[in-house]
Amino acid sequence: MFEKILLSVDGSEHALRAAHKAAELARTVNAKEIHVVVVYDPIPIYLGEPNMQIAITSRRGEAEEILKTAVQEVGDVPCPVHSGILEGSPAEAIIEVANTSKCDLIVMGSRGLGQLAGLLLGSTSQKVVAHAPCPVLIVR
Ligand SMILES: Nc1ncnc2c1ncn2[C@@H]1O[C@H](COP(=O)(O)OP(=O)(O)OP(=O)(O)O)[C@@H](O)[C@H]1O
Ligand SMILES: [Mg+2]
């Protein structure tokens, strides 16, 4: 049913819970692949060099840590787990990967690292739910 699962993570507790659920689901449905992705905001070009390169290296370093923790949380699953770092607007990048990799399920948290108290659904989740080409599992 769900062969290619896209798990999107941002380093938040919610995203880790999403990783746990994605793994449970992958084991249950015998998924064929899990893609774990983290997106960092575009680095403004006006920073110039070498600042731009320093900013990119720092963002990629943080993204690698986030991915490492998420992949650990996924743990043992009966399929390959691929991870990827993307630059851009998170929701747009997640939807693009879901399209190009032909994912049949997106798993993500209801909230992320945003500070707005009381928000039930973050803006990334809202946009993905609205525009995704496949079912979306929102984990609370
Ligand atoms: N940069 C990102 N890269 C990958 N996944 C992300 C990213 N940001 C958010 N997500 C996914 O979306 C889920 C919900 O996060 P979202 O950004 O919608 O909420 P928020 O941070 O609480 O609110 P907001 O960003 O609107 O202030 C996260 O748990 C994660 O699964
Ligand atoms: Mg957010």
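Guide: Two strands are said to pair if DSSP finds at least two bridges between them. Strands (E, at least two residues) and helices (H or I, at least four) are DSSP runs, numbered from the N terminus. The model is predicted, so local features need pLDDT of at least 70 and side-chain atom pairs count only at pLDDT 80 or more, while totals for chains, interfaces and linings use all residues. Residues are numbered from 1 along each chain as its sequence is written, and chains are lettered from A and ligands numbered from 1 in the order in which they are written.

Leucine 7 has valine 107 of β4 standing opposite. The whole arrangement is an open sheet of five strands, in the order β3-β2-β1-β4-β5, with parallel pairing. The edges are held by β3 (81–87) and β5 (136–139); each has a single partner strand, so one side of each is left without a neighbour in the sheet. On average, neighbouring strands are turned by 20 degrees against each other, direction ignored. In general, the strands of a sheet pair through backbone hydrogen bonds, whether parallel or antiparallel.

Helices accompany these strands. Helix α3 (residues 90–100) lies across β1, β2, β3 and β4 and runs at about 155 degrees to β2; such angles run from 0 to 180 degrees between N-to-C directions, along axes fitted to C-alpha atoms, for helices over the stretch in contact. Helix α4 lies across β4 and β5, at about 160 degrees to β5. Contact here requires C-beta atoms, placed from the backbone, within 7 Å.

The elements giving two or more residues to its shell are α1, β2 (33–40), β4 (105–109) and α4 (123–131). Of the 23 residues around ligand 1, Gly109, Gly112, Gly114, Gly122 and Ser123 come nearest; a residue belongs there if its C-beta atom, placed from the backbone, lies within 6 Å.

The loops on either side of β2 also deserve attention. Between α1 and β2 lies the loop that contains asparagine 30, a residue with a positive phi of about 55 degrees although it is not a glycine. The loop between β2 and α2 holds proline 50, and the peptide bond from glutamate 49 to proline 50 is cis, with omega near 5 degrees.

Technical notes:
Two residues are in contact if their C-beta atoms, placed from the backbone, lie within 7 Å.
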